Amino acid sequence: MNESKFLKLNLKDLAKSAIIAGLTVVVTGFITILSAITDATGQLPTLEDFCKLLISGLIAGAIYLLKNLLSNENNEFLKG
């Protein structure tokens, strides 16, 4: 396998983290827009709502990187 070693990251980890972050923003944004449209007020999300979406995407990507950082090349968590 071409997995990163314990306490190390590679470019593949960073790319997958970016994909996770992007998908989180897209999916939660889609859900937010759908719920706003079906809401009684019918107001679309504000800029503040979109900032929260971006923050949630960054957190999801950071958590993915942290998980990979603390896993070894056999995907065993916290086993160096």
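Asn75 is partly exposed, at 47% relative accessibility; the class lies between buried (under 20% relative accessible area) and exposed (over 50%), with a 1.4 Å probe and protein chains only. The model is predicted: local features need pLDDT of at least 70, side-chain atom pairs count only at pLDDT 80 or more, and totals for chains, interfaces and linings use all residues. Residues are numbered from 1 along each chain as its sequence is written, and side-chain values use heavy atoms, with hydrogens and water left out.

Asn75 sits in the segment after H2. Its phi is positive, about 60°, although Asn75 is not a glycine. Most residues other than glycine have a negative phi. Leu78 also belongs to the segment after H2. The phi of Leu78 is positive too, near 60°. Leu78 is exposed, with a relative accessible area of 53%.

Helices are DSSP runs (H or I, at least four residues), numbered from the N terminus. Helix H1 covers residues 11-38. H1 has 28 residues and reaches 41 Å from its first C-alpha to its last. That is close to the 40 Å expected at 1.5 Å a residue, where the expected span is 1.5 Å times one less than the number of residues. Helix H2 covers residues 47-69. Its 23 residues should span 33 Å, and its end C-alpha atoms are 33 Å apart, which agrees.

In H1, Asp13, Ser17, Ala21, Gly29 and Ala36 are buried. H2 is included in what covers these buried residues of H1. In H2, the buried residues are Leu53, Gly57, Gly61, Tyr64 and Asn68. They pack against H1. An α-helix has 3.6 residues a turn, so residues three or four places apart point the same way.

Ser17 illustrates the packing. Ser17 is found in helix H1 and is buried, with a relative accessible area of 6%. Not counting residues up to four places away in sequence, Ser17 touches Gly61, Ala62, Tyr64 and Leu65; contact means heavy atoms within 4.5 Å.

Leu34 lies in helix H1 and is partly exposed, with a relative accessible area of 41%. The C-alpha atoms of Leu34 and Ile59 are separated by 23 Å, at 25 residues apart along the chain. Ile31, also in helix H1, is exposed at 52% relative accessibility. Its C-alpha atom and that of Ile19, twelve residues apart along the chain, are separated by 18 Å.

The count of salt bridges comes to one, by the rule of a side-chain nitrogen of Lys or Arg within 4 Å of a carboxyl oxygen of Asp or Glu. Lys52 pairs with Glu48, the closest N and O atoms being 3.6 Å apart. Lys52 and Glu48 are four residues apart in helix H2, and are therefore separated by about one helical turn. Glu48 is exposed, at 51% relative accessibility.

One cavity of 30 Å³ or more is counted. A cavity is a set of points on a 1 Å grid over the protein atoms alone, where a 1.4 Å probe fits but cannot get out; lining residues have an atom within 4 Å of a point. The largest cavity has a volume of about 40 Å³, taken as the space filled by probe spheres set on the points. Glu3, Ser4, Asp13, Asn68, Ser71, Asn72 and Asn75 line the largest cavity. The lining holds no nonpolar, five polar and two charged residues, with Asp, Glu, Lys and Arg counted as charged.

How values were computed
Helices (H or I, at least four residues) and strands (E, at least two) are DSSP runs, numbered from the N terminus. On a 1 Å grid over the protein atoms alone, a cavity is a set of points where a 1.4 Å probe fits but cannot get out, and a pocket is an open set with protein on both sides within 12 Å along at least five of seven lines; lining residues have an atom within 4 Å of a point.
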